[in-house]
Amino acid sequence: MATEGIVALDKNDKYIHCCHLSVMPSTMPTNTPTCKPNQTRIYGVAKQERAKITCQVDANPPDIQFRWTFNNSADSVDVAQSHIASSGTSSIVSYTPMTELDYGTLLCYASNKIGAQRTPCVFHIIAAVVYSNLHY
């Protein structure tokens, strides 16, 4: 712990008050969460195929709460907590598209005690075709 002296002066540079302020040095600046770069952003997923979408953020302090939403051309809904697993600065949502309307965009929002993430991490879920009966 470092102690610094504080002197307050009025507009005529006359001494008004003196006190001591204790300052805790910090090696890491605190910040709200931001998306880590170089994450997979587009997932090709077949109908009824379970995909695990990973969201990673940078934040200090790293005690993070996550929230996911799904958007398509028709609707925007929160993803149920039962489909979300989070640890530290990472969150994984288990997502299974069942119909054409289940393709769209997953948004990952993170927050810590400093504040909420300003821009969510964005993940696009697109249709993939599975060829199971190939004949040559």
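**Figure 1. T105 and the residues it touches.** Leaving out residues up to four places away in sequence, T105 touches T69, F70, N71, V122, F123 and H124. Contact means heavy atoms within 4.5 Å. The model is predicted: local features need pLDDT of at least 70 and side-chain atom pairs pLDDT 80 or more, while totals for chains, interfaces and linings use all residues. Residues are numbered from 1 along each chain as its sequence is written, and side-chain values use heavy atoms, without hydrogens or water. T105 sits in strand β10, residues 104–112. Strands (E, at least two residues) and helices (H or I, at least four) are DSSP runs, numbered from the N terminus. One partner, H124, also meets T105 through a polar contact between side chains, at 3.4 Å. Such a contact pairs N or O atoms within 3.5 Å; within protein, one must be able to donate a hydrogen and the other to accept it, and residues adjacent in sequence count only if both atoms are side-chain atoms. Is T105 buried or exposed? T105 counts as buried because its relative accessibility is 19%. The cut-offs are under 20% for buried, over 50% for exposed, and partly exposed in between (1.4 Å probe, protein chains only).

**Figure 2. T54 in strand β5.** Strand β5 covers residues 51–60, and T54 is one of them. T54 has a relative accessible area of 26%, so T54 is partly exposed. Which residues does T54 contact, leaving aside neighbours within four places in sequence? They are Q39, Y43, W68, S91, I92 and F123. S94 lies 40 residues from T54 along the chain, yet their C-alpha atoms are separated by 9.1 Å.

**Figure 3. The largest pocket.** This pocket holds about 200 Å³ of space. Its lining includes F70, N72, D75, V77, V79 and A80. H83, S94, Y95, T96, L101 and D102 also line the pocket. By class, the lining has six nonpolar, four polar and two charged residues. A pocket is an open set of points on a 1 Å grid where a 1.4 Å probe fits, with protein on both sides within 12 Å along at least five of seven lines; lining residues have an atom within 4 Å of a point.

**Figure 4. A cis peptide bond at N60 and P61.** The bond joining N60 and P61 is cis, with omega about 10°. P61 belongs to the loop between β5 and β6, and β6 spans 65–71.

**Figure 5. Positive phi at N38 and Q48.** N38 lies in the loop between β3 (31–35) and β4 (42–45). At 80% relative accessibility, N38 is exposed. The loop between β4 and β5 holds Q48. Q48 is exposed too, because its relative accessible area is 60%.

Figure 6. Of its 136 residues, 30% are buried. Take contacts between residues at least 6 apart in sequence: 59% of them join residues at least 24 apart. The chain exposes about 9,400 Å², and carbon and sulfur atoms supply 54% of that area. Accessible areas come from the Shrake-Rupley method with a 1.4 Å probe.

Technical notes:
Points joined across faces, edges and corners; volume = space filled by probe spheres on them. Nonpolar A, V, L, I, M, F, W, Y, C, P; charged D, E, K, R; others polar.
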